[in-house]
Amino acid sequence: MGKYVMTVEIDGQRTEIQTFANNVESAIDNIVCMSAVDKLFNIVEQETNESWDFNEDITELRELRNTLPDNVSVMFGVG
C-alpha cells in the first residue's frame, strides 16, 4: 500500500492531504468519496515520487459515483 499526497481544494482553500491506497486510481477514489474536497490539482506517490497533474472539479464525478449501488466495483485507469 502506498502513501499519496494530494493537492486539493477544500472550502475554497488549496491544501494538501494524504491517503493510503494500492494504486493511484484507488487514491483518487478515496478523494472522490471525501465530500469536503471540491477540486483535485496534483497527486504524488511518496515512494516513487511519481506525480500526476490535474485541474479538475470532482463534484460531478462524486455525484456519478454516488449513483452506483454499493455492490458495484469502480475500476478505471490513469495514464
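View 1. The model is a prediction throughout. The partners are R65 and D29, whose side chains meet at 2.4 Å, N to O. R65 belongs to helix 2 and D29 to helix 1, residues 24-32, so the pair ties together parts that are 36 residues apart in sequence. D29 has 16% and counts as buried, because buried means under 20%.

**View 2. Helix 1 is mostly covered.** Seven of the nine residues in helix 1 are buried. They are V24, E25, A27, I28, D29, I31 and V32. D29 is also the salt-bridge partner of R65.

**View 3. M6 is buried in strand 1.** M6 sits in strand 1. Its relative accessible area is 0%, so M6 counts as buried. Which residues does M6 touch, leaving aside neighbours within four places in sequence? The contacts are T15, E16, I17, T19, A27, I28, I31, L40, N42 and I43. Among them, A27, I28 and I31 are buried residues of helix 1. Now look at V44. M6 and V44 are 38 residues apart along the chain, yet their C-alpha atoms are separated by 6.4 Å.

**View 4. E9 is a buried charge with no salt bridge.** E9 is found in strand 1, residues 2-10. M6 lies in strand 1 too. Which side chain of opposite charge is nearest to E9? It is K39, 4.3 Å away. E9 has no salt bridge because the rule asks for a nitrogen within 4 Å of a carboxyl oxygen. E9 still has contacts. Residues up to four places away in sequence are not counted here; E9 then touches R14, A36, V37, D38, K39 and F41.

**View 5. Negative charges gather on the surface.** Which residues form the negative patch? They are E56, D57, E60 and E63. Two elements, strand 4 (51-57) and helix 2 (59-66), each supply at least two residues of this patch. D57 has its place in strand 4. With a relative accessible area of 44%, D57 is partly exposed. A patch residue needs over 30% relative accessible area, so D57 passes that cut-off.

**View 6. The whole chain puts the close-ups in place.** The chain has two helices and four strands. In what pattern do they follow along the sequence? The pattern reads β-β-α-β-β-α. The chain has 79 residues, and 34% of them count as buried. Next, consider contacts between residues at least 6 apart in sequence. Of these, 42% join residues at least 24 apart. The chain exposes about 5,300 Å². Carbon and sulfur atoms supply 44% of that area.

Technical notes. Residues are numbered from 1 along each chain as its sequence is written. This is a predicted model: local features need pLDDT of at least 70, side-chain atom pairs count only at pLDDT 80 or more; totals for chains, interfaces and linings use all residues. Side-chain values use heavy atoms; hydrogens and water are left out. Patches are made of residues with over 30% relative accessible area and no salt bridge: like charges are joined within 9 Å, nonpolar side chains (Val, Leu, Ile, Met, Phe, Trp, Tyr) within 5 Å. Accessible areas come from the Shrake-Rupley method with a 1.4 Å probe; for residues, only the protein chains shown count as cover. Lys and Arg count as positive and Asp and Glu as negative; His and the chain ends are not counted. The place of a charge is taken as NZ of Lys, CZ of Arg, CG of Asp or CD of Glu. Buried means under 20% relative accessible area, exposed over 50%, partly exposed in between (1.4 Å probe, protein chains only). Contact means heavy atoms within 4.5 Å.
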